[in-house]
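Visitor: I would like a close look at one part of this structure, the aromatic rings. Please take me through them step by step.

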Amino acid sequence: MFSLSSYFSIEYLVILLPISVGLYAVLPQKLRRMSLLLSSYVFFWAVSGKLIAYLLLSTLSIHHIGIWLSSIQGDCDRLMESSPKANRKEIKNRYLKRQRLVVTFAVALHIGVLLVLKYTPFFTSNLNTLFRLLNLPLSLTIPSFVLPIGISFYTMQAVAYIFDVYRRKIPADRNLLRLALFMGFFPQIMEEIVIADRLNLLIKNIFTGYESYDGFVIAVAAVCYTIQLYMDFSGAMDLVIGSGQIFGMKLPENFQRPFFSKTISEFWKRWHITLGAWFKDYIFYPLSMSKPLKKLTARARKRLGNHFGPLLSGAIALFCVWLCNGLWHGAGWKYIFFGMYHFALILAGSIVEPLVVQVTKKLHIQRSSLPYRCIQIVRTAILVCIGELFFRAHGRRAGLTMFKRIFTHFSLDAVQDRSIFTVGMDKHDCLIISIALILIFIISVLKERNVPIRERIASKNAVVRFAAYYALILSIVIFGAYGTGYVPVDPIYAGF
């Protein structure tokens, strides 16, 4: 059995994807779903081995729980129809309690497994630290678990499915094979090798030995890591969407040019869109619309006004979202810090927005003008890079030290003596990356202006169309990072 590391591996592009497409094309309609499911499980087996059992158990459990919820809803509907109006409210509440117990069980089961596998070592090590601080003669053994690939992703899929059945947004799917394909369709689960992989060695060297570098080099590493992360993840999502389209499935866009964002809040509406939508639908809205927070909003609105009143309860829900967002990315204080960093920026932006409106109005500054929007975009990009510095650093303390060195040890000596080109990239790498980034910037500007690039290429005659396709393929072959001395990028989001 071959192994897979990313969507750009030879095994995926040359073996799994072509065979899957071939089978899908030649098999009759009724067998196509089975062939896709088989391809998906081969993919999971290739990357996780026997840990595919977690995906199977998760699929089986939500299949049964969905039918269970549907059965309760059916009983409730039938009893409501045959009962007088005076009794219907009591019947509805009684059956809602049953459904909530089932949903609570389902969420506890799936989130519990994720917490045990992904977060037990983190919680255990922090408990041992607490015991030492309290001088207690206790020490817990820190366990170690092998994480199945994509467990955070399909756990969220499972929870979303259960909630949607509970809310009657979708009916419970009684077809196990169809539900299994929903959970495990292989293009959903798993970088740009021209840019992301060329930056890898520089980033790895600087973040590992940051004590040896001045503030300018550390700032360069933070910017490079942000670019690498975007190219890696966005590039993978482009391939995911393309793979899905081959099979006639339209997967959601996950990135919409986030570095054109004018605020941090807008950035997170453009970056990893599906994750943000999940947190909004299943954490933010349920909390903000809960009875306690609705009462708090009503009281705060009377005292603080229509703008600041809702911010109080909104801040509580937002805090929970960003705490979960940080922990979703990893079990460590640096990830919690990362979440709290963005929580503070978004909340601060909401608080000062009325003041900003007043100041710009008094100064006769047009907020829609290009210079003002460019300042906002640059400011947002800098704040994002700072956040990614802490995200990539080897721990929260390392991140704080690196951030401090940007200001206390800032120097351009690495540029003047050209030592910046010995850290992990030479002039050749810098030139290729610069050209590629300029090209991506131009394409992004066109897409931001709603220019249909793909459609325009597709509308050209065959000679022009295939010349463009081959030019793109050859540019990756010629300028891609591989060969002697190549250090491949770890699949950054593979553990999620």
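Is Trp278 buried or exposed?

Guide: The model is predicted. In it, Trp278 has a relative accessibility of 15%, so this residue counts as buried, the cut-off being under 20%.

A second pair joins Tyr335 and Phe391. The centres of these two rings also lie 5.4 Å apart, but the planes are at 75°, so this pair is edge-to-face; the angle has to be over 60 degrees for that label. Tyr335 belongs to helix α12 (residues 333–362) and Phe391 to helix α13 (residues 370–392), so the pair ties together parts 56 residues apart in sequence. Tyr335 counts as buried at 17% relative accessibility, and Phe391 does so at 6%.

Now the wider setting. Tyr335 and Phe391 are both members of one aromatic cluster, which also includes Tyr230, Phe233, Trp268 and Phe338. Over the whole structure, a search finds 32 aromatic pairs.

Some rings have a charged residue over the face. Arg98 lies over Tyr95, at 4.6 Å from the ring centre. Lys118 lies over the face of Trp328, and there the distance to the ring centre is 5.8 Å.

Definitions and conventions. Residues are numbered from 1 along each chain as its sequence is written. This is a predicted model: local features need pLDDT of at least 70, side-chain atom pairs count only at pLDDT 80 or more; totals for chains, interfaces and linings use all residues. Side-chain values use heavy atoms; hydrogens and water are left out. Rings of Phe, Tyr and Trp (its six-membered ring) pair if their centres lie within 6.5 Å; planes under 30 degrees apart count as stacked, over 60 as edge-to-face and the rest as tilted. Buried means under 20% relative accessible area, exposed over 50%, partly exposed in between (1.4 Å probe, protein chains only). Helices (H or I, at least four residues) and strands (E, at least two) are DSSP runs, numbered from the N terminus. A charge sits over a ring if NZ of Lys or CZ of Arg is within 6 Å of the ring centre and within 35 degrees of the ring normal.
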